[in-house]
Amino acid sequence: MELKTVKTQHVPVRYFEGGKGEPLVFLHGAGGLLAGDPLFAKLEQKYHVYAPLLPGYGDSEECSELRDMLDFTLHTADVVEALGLKDPILVGHSMGGMIAAEMAAIAPHDVSRLALICPAGLWLDEYPIPDLFSMLPFEMPQYLFHDVEAGTKLMTAGVALDDPEWLKAFLVMNARQMGMAGKILFPIPERGLAQRLYRIKAKTVLIWGDSDRLIPPAYAHAFKKGIKGAELVSIPEASHLVTMEKPDQVAAAISKVA
């Protein structure tokens, strides 16, 4: 994956690009993304992948003009247009899934193929979503990974969670990223999407880790109920970061809308 820049109305946007084939736009979650994400290696074999970073993520500029859900949605639509793409396969993970679903609801005739991986955006009182913004690093793996020990190593590249240098770098990066993500996820990740899901006309697949402890599988069924004709693919022995734990199965599920 190569890191590039494209200019939109408000801000230069950094994005990863790689692979050949049909265009696919991947929208990342609150934790951001890395060029070495194992899912990208799978998707690049079949698709021309574009993975834009939200402002404030990676080395991208921040953007004060993004203030609410509509701003995030239109900004991302602007990025797709600036890339010269028309109706690419739209894939979103977690927060990115929330944005992708909003794009498909607001402009239902512009999005015909949609893959939502453990998307945020709904709220069920009986299944409250844990508060990411109050979590310390050592608390996160239990919510993000099925195999917590293996997941912790993936998250830290083998460095101990209490290593002072790793912790310092993580906290600085996390504060910057969460400052942006918090605009649509804090205090709870709910901005009225449930009332707009019926507008989605795209062929949709929902992809969920069976042991997702951050956004429990009950939300998968709520999304399925809200999006007419949506197909649900449940992946065993995987949690919220199913993209890292089971990239082959996620790539296969995405192909259902390709």
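**From values to terms**

Apart from neighbours within four places in sequence, Thr8 is in contact (heavy atoms within 4.5 Å) with Val13, His75, Asp78, Val79 and Ala82. This is a predicted model, in which local features need pLDDT of at least 70 and side-chain atom pairs count only at pLDDT 80 or more, while totals for chains, interfaces and linings use all residues. Residues are numbered from 1 along each chain as its sequence is written, and side-chain values use heavy atoms, with hydrogens and water left out.

Q: Why is Thr8 called buried?
A: Buried means under 20% relative accessible area, exposed means over 50%, and partly exposed lies in between (1.4 Å probe, protein chains only). Thr8 has a relative accessible area of 9%, so the residue counts as buried.

Q: Where does Thr8 lie?
A: Thr8 belongs to the loop between strand 1 (2-7) and strand 2 (12-18). Strands (E, at least two residues) and helices (H or I, at least four) are DSSP runs, numbered from the N terminus.

Q: What lies 2.8 Å from a polar atom of the side chain of Thr8?
A: The backbone oxygen of Val11 is found at that distance from the Thr8 side chain. A polar contact is a pair of N or O atoms within 3.5 Å; within protein, one must be able to donate a hydrogen and the other to accept it, and residues adjacent in sequence count only if both atoms are side-chain atoms.

Q: What makes strand 1 and strand 2 a pair?
A: Two strands pair if DSSP finds at least two bridges between them. Strand 1 and strand 2 are joined by six bridges and run antiparallel, so they meet the definition. One of the bridges links Lys4 to Tyr15 in strand 2. A hairpin through four residues joins the two strands.

Q: How do you know that strand 2 is mostly covered?
A: Five of the seven residues of strand 2 are buried.

Q: Which strands pair with strand 4 (residues 47-52), and in what sense?
A: Strand 2 is joined to strand 4 by four bridges, and these two run antiparallel. Strand 3 (residues 22-27) pairs with strand 4 in the parallel sense, over four bridges. Tyr50 in strand 4 stands opposite Glu17, and Tyr50 is also the bridge partner of Val25.

Q: What is the order of the strands in the open sheet?
A: Eight strands form the sheet in the order 1-2-4-3-5-6-7-8, with mixed pairing. Strand 1 and strand 8 (231-235) each have a single partner strand, so they stand at the edges and one side of each is left without a neighbour in the sheet. On average, neighbouring strands of this sheet are turned by 25° against each other, direction ignored.

Q: Why is the pair of Phe133 and Phe186 called edge-to-face?
A: Rings of Phe, Tyr and Trp (its six-membered ring) pair if their centres lie within 6.5 Å; planes under 30 degrees apart count as stacked, over 60 as edge-to-face and the rest as tilted. By this rule there are four aromatic pairs. In the pair of Phe133 and Phe186 the centres are 5.4 Å apart and the planes stand at 75°, so the pair is edge-to-face. Phe133 is in the loop between strand 6 (113-117) and helix 4 (141-144), and Phe186 is in the loop between helix 6 (164-185) and strand 7 (203-209), so the pair ties together parts 53 residues apart in sequence.

Q: Are Phe133 and Phe186 buried, exposed or partly exposed?
A: Phe133 has a relative accessible area of 30% and is therefore partly exposed. Phe186 is partly exposed as well, with 45%.

Q: Why is the pair of Trp208 and Phe223 called tilted?
A: The ring centres of Trp208 and Phe223 lie 6.2 Å apart and the planes stand at 45°, so the pair is tilted. Trp208 lies in strand 7 and Phe223 in helix 7 (residues 218-226), so the pair ties together parts 15 residues apart in sequence. Trp208 is buried at 1% relative accessible area, and Phe223 is buried at 0%.

Q: Which residues touch the most other members of the largest nonpolar core?
A: A nonpolar core is a set of buried Ala, Val, Leu, Ile, Met, Phe, Trp, Tyr and Cys residues joined through side-chain atoms within 4.5 Å. Of the 88 residues in the largest one, these are Ile117 and Ile254. Helix 3 (residues 95-106) gives the largest share of this core, eight residues.

Note on methods:
Axes fitted to C-alpha atoms, helices over the stretch in contact; angles between N-to-C directions.
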